[in-house]
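Q: Could you walk me through how to read the features of a model such as this one? I would like the general idea of each feature, followed by the case at hand.

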Amino acid sequence: MNKLIACCGLDCEKCDARIATINNDDKLREKTARLWSKMNHVTITKDMIQCMGCREDGPKTPFCESMCEIRKCALKKGLSTCGECADLTHCDTVAMVVSNNKDALQNLKT
């Protein structure tokens with residue numbers, strides 16, 4: 001895999017949280033916090049938008065760090081991504097992402 005792919009198959013290089021972290025962009029952090037708060041019906045502050053990617057060293061959003069069931073499962077199984085898992089095609093956990101994002105599924109199969 002050449003891209004920075006998350007456990008779930010999403011491309012971390014395209015994630016606004018990672019882009020804001022790398023560029024120290026507070027305006028993008030604020031925009032991302034507002035959007036994610038609205039999408040997830042929770043309060044997310046700009047200070048929570050610090051992430052280098054779920055498989056990379058460095059900061060992670062609170063969700064990516066400790067709440068993501070997909071990441072927890074991959075770590076528990078000792079896998080880099082769900083693409084290494086024999087259960088990928090019938091896993092309800094990763095289905096939350098891959099059923100809505102064709103690129104994520106393709107990233108896991110690459």
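**Reading the helices, cores and loops**

A: Helix 1 passes helix 2 in a left-handed crossing, where left-handed means that the near helix is turned anticlockwise from the far one by less than a right angle, and right-handed that it is turned clockwise. Helices (H or I, at least four residues) are DSSP runs numbered from the N terminus. This is a predicted model, in which local features need pLDDT of at least 70 and side-chain atom pairs count only at pLDDT 80 or more, while totals for chains, interfaces and linings use all residues. Residues are numbered from 1 along each chain as its sequence is written, and side-chain values use heavy atoms, with hydrogens and water left out.

Q: At what angle do the axes of helix 1 and helix 2 cross?
A: Axes are lines fitted to C-alpha atoms, for helices over the stretch in contact, and angles run from 0 to 180 degrees between N-to-C directions. Here the two axes come within 9 Å and cross at roughly 160 degrees. Helix 1 is therefore roughly antiparallel to helix 2, a label for angles over 145 degrees.

Q: Which residues of helix 1 and helix 2 meet?
A: Contact means heavy atoms within 4.5 Å. From helix 1, Asp 16, Ala 17, Ile 19, Ala 20 and Thr 21 meet Leu 28, Arg 29, Thr 32 and Trp 36 of helix 2.

Q: Which residues touch the most other members of the largest nonpolar core?
A: A nonpolar core is a set of buried (under 20% relative accessible area, 1.4 Å probe, protein chains only) Ala, Val, Leu, Ile, Met, Phe, Trp, Tyr and Cys residues joined through side-chain atoms within 4.5 Å. In this core of 18 residues, Cys 8, Ile 70, Cys 82, Val 94 and Leu 108 touch the most other members. Helix 4 (69-77), helix 5 (92-98) and helix 6 (102-109) each supply at least two of its residues, and the largest share, three residues, comes from helix 5. Apart from this core lies another, of seven residues, among them Ala 20, Ala 33, Ile 49 and Cys 51.

Q: Where is Asn 24 found, and is Asn 24 buried or exposed?
A: Asn 24 lies in the loop between helix 1 (16-23) and helix 2 (26-40), and has a positive phi of about 50 degrees although it is not a glycine. Exposed means over 50% relative accessible area, and Asn 24 counts as exposed at 57%.

Q: Where is His 41 found?
A: His 41 is in the loop between helix 2 and helix 3 (62-67). Although not a glycine, His 41 has a positive phi of about 55 degrees, and His 41 is exposed, with a relative accessible area of 73%.

Technical notes. Angles under 35 degrees count as roughly parallel, over 145 as roughly antiparallel, 65 to 115 as roughly perpendicular and the rest as oblique.
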